[in-house]
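This report concerns selected strand pairings and local backbone features of one protein model. The sequence and the coordinates are shown first.

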Amino acid sequence: MLLARGRAAHEDLMVDTVRVYRQGEGVFDRATGTTVPGPQTLFYGPGRGRVKPSSLSTAMEEEAGEREVVFNRYEVALPWGSPMPEGQRILPGDLVEVAASPDARLTGLTLWVTGVQFSATATAWRIETEDRS
């Protein structure tokens, strides 16, 4: 009963709308000279979620080629009972897209999954992500 109340309370904080998916490998189209994105596997959404900066770390700066890249870490929480497609799991490299948020700066943000947490006694399903901007 206490756990159910905790889960309901956590869901009340889920004011963002998110989508969790895996982007399929792109295919090069010789006729147009462009890469066509592969199919997406949708794991969740669009649905309720909570996106917040991770309390575990701060932004990291790295160099990729000649460009500086900042990795900001976020925790994405989904309702604990969110269903998954049969036989599928979210893996590092999958994506979380923030479709809508009361914080307009989050809307349109695409986050890369770095880890997933499971627990029978959790109040939400937590996904560790990073913004690779």
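In this predicted model, a hairpin of six residues leads from strand 8 to strand 9. Strand 8 covers residues 110-117 and pairs with strand 7, residues 95-100. Strand 9, in turn, spans residues 124-132 and is joined to strand 8. The two pairings are set out below.

| Strand pair | Sense | Bridges |
|---|---|---|
| Strand 7 (residues 95-100) and strand 8 (residues 110-117) | antiparallel | three |
| Strand 8 and strand 9 (residues 124-132) | antiparallel | five |

Trp 112 takes part in both pairings: it is the bridge partner of Leu 95, and its own bridge partner in strand 9 is Glu 130.

A separate region involves Val 36, which belongs to strand 3, residues 34-36. Beyond its neighbours within four places in sequence, Val 36 contacts Gly 26, Val 27 and Asp 29. For Gly 26, the separation from Val 36 is ten residues along the sequence, while the C-alpha to C-alpha distance is 5.3 Å.

The backbone also contains a cis peptide bond, located between Gly 45 and Pro 46, with omega at about 0 degrees. Most peptide bonds are trans. Pro 46 lies within strand 4, which comprises residues 40-53.

Conventions:
Residues numbered from 1 in each chain as written. Predicted model: local features only at pLDDT ≥ 70, side-chain atom pairs only at ≥ 80, totals over all residues. Heavy atoms only, no water. Pairing = 2+ DSSP bridges. Helix = DSSP H or I, 4+ residues; strand = E, 2+ residues; numbered from the N terminus. Contact = heavy atoms within 4.5 Å.
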